[in-house]
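Reader: I am new to reading protein models. Could you please take me through this one, one part at a time?

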Amino acid sequence: MTPDVRDRAERPPRVERRPSEDCPIPEESWDRALRLIGQADEVALACHVTPDGDALGSMLAVAFVLRSMGKRVVASFGDRHFAVPRLLRFLPGQEMLVPPDDYPAAPDLMIVFDCSTFERVGLLGANAASAREVIVVDHHPSNSGFGSLDLIDAKAAATAMLAEQLVYRLGGRLDRDIATCLYAGLVTDTGSFRYSSTTPAVHQMAARLVATGLRVDEIARELWDRSPFGYLKVLGDALERVALEDGMVWTYVTRVDRAAYALPYSELEGIIDIVRRTDEAQVAVVLKEDDYGDWQVSTRSKGTVDVAAVCAALGGGGHHNAAGFTSYDTVEETMTKFRRELRKVT
């Protein structure tokens, strides 16, 4: 990176003390987080299972800064099949990732990114339970506050916005690698700036990140404009069985669908964004059978329906208009339960 590009990557102002309703993370919490990190020789980082751009991008961005501070850094996510989703393999810093089996059994300090519940840590749950300190960095309104120190701002459009603040508070500065990771988080959780969570602060952060010289066109291509041919065939199967009922559109994808084209589970993320376009539906649901026979359920809402409340009642969580949960029942049983909970909020 040339010096003039680095100079354009300006720091945002530090968050000032304001009433709690305007600044949900007290300065005392930020200060304690900095003390814990400063005292640690090794910092273990984690994000939620089947990571998206916000989870993995936020974690790797902070990992870069911690490594530059001379900390030993280990980062992971608790999937049984440990693999970075194909669409995120462009993110820098993946040499810092280790599989769950190589993660510290009882970290002195563990920082968890973008996890709304303890269960979302997956296989790293035992590690988190044994950690001396656990800092949770998250923006989900449904977060249960499971850390020994919680840095949670439900008004933030992405965990990446909190990760950026942590980067600056640790004395770091944006470079192209850090900015790429944060930008991936910002654009994925705002739907490429299409969701209602997109505020002036979101665009201001995007401007800071783009100023480092990152290629937004290349990032967009990796995130949204690539897929293997098998994805089109599986999408066709999902759309063939799609159903519309009482303002809800839904479908499902089985392991058998994917196996026919050797399509990894991680390639299914975009199906919900196609199904949710249905004009006649306010709620969209896609059930995706993972490699272990469990159903990962993604939900979206266009308006007043709080799908986070529905998913929370079924053991999951998320945001008002985007949430999910895991089901161990059949498709029919899962949808019966979902309909029952949906009726309670409509």
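**Sheets, helices and rings**

Author: In this predicted model, six strands make up an open sheet with mixed pairing, in the order β6-β7-β8-β9-β11-β10.

Reader: Which strands stand at the edges, each with a single partner strand?

Author: They are β6 (243-245) and β10 (317-319). Each has a single partner strand, so one side of each is left without a neighbour in the sheet. From one strand to the next, the twist averages 20°.

Reader: How many bridges join β6 to β7, and do they run parallel or antiparallel?

Author: Three bridges join β6 to strand β7 (residues 248-253), and the two run antiparallel. A243 has W250 in β7 as its bridge partner.

Reader: Which helix lies across β6 and β7?

Author: That is helix α13 (residues 331-345), which also lies across β8 (283-289), β9 (295-301) and β11 (322-327). Helix α13 runs at about 155° to β7.

Reader: What lies over the face of Y252?

Author: R241 does, at 4.4 Å from the ring centre. There is also the charged end of R80, which sits over the ring of Y292, 3.7 Å from its centre.

Reader: Let us change topic. What is the strand order in the sheet of five strands?

Author: The order is β2-β1-β3-β4-β5, in an open sheet with parallel pairing. Its edge strands are β2 (72-77) and β5, each of which pairs on one side only. Here the twist averages 15° from one strand to the next.

Reader: Is β4 buried or exposed?

Author: Six of the six residues of strand β4 (residues 133-138) are buried, so the strand is largely enclosed by the rest of the structure. Both faces are covered: on one side E133, I135 and V137 are buried, and on the other V134, V136 and D138 are buried.

Reader: Which strands does β4 pair with?

Author: Strand β3 (residues 109-113) pairs with β4 in the parallel sense over five bridges. There, I111 has I135 as its bridge partner in β4. From β3 the chain passes through helix α4 (residues 125-130) to β4, in a right-handed β-α-β crossover. With strand β5 (residues 149-152), β4 pairs in the parallel sense over four bridges, and V137 stands opposite L151.

Reader: And what does I111 in β3 have opposite?

Author: L45 stands opposite I111. Strand β1 (residues 42-47) runs parallel to β3, and four bridges join them. Helix α2 (residues 27-39) packs on the sheet, where it touches β3, β4 and β5, and its direction makes about 125° with that of β5. Helix α3 (residues 53-68) lies across β1, β2 and β3, running at about 170° to β1.

Reader: One last residue, please. Where does H203 lie, and what does it touch?

Author: H203 lies in helix α7 (residues 200-210). Leaving aside residues up to four places away in sequence, H203 touches F193 and T198. Its relative accessibility is 43%, so H203 counts as partly exposed. S327 is 124 residues from H203 along the chain, and their C-alpha atoms are separated by 36 Å.

Terms used: Residues numbered from 1 in each chain as written. Predicted model: local features only at pLDDT ≥ 70, side-chain atom pairs only at ≥ 80, totals over all residues. Heavy atoms only, no water. Buried < 20%, exposed > 50% of the residue type's maximum accessible area, 1.4 Å probe, protein only. Pairing = 2+ DSSP bridges. Right-handed = clockwise from strand over helix to strand, strands pointing away. Axes fitted to C-alpha atoms, helices over the stretch in contact; angles between N-to-C directions. Contact = heavy atoms within 4.5 Å. Lys NZ or Arg CZ within 6 Å of the ring centre and 35° of its normal.
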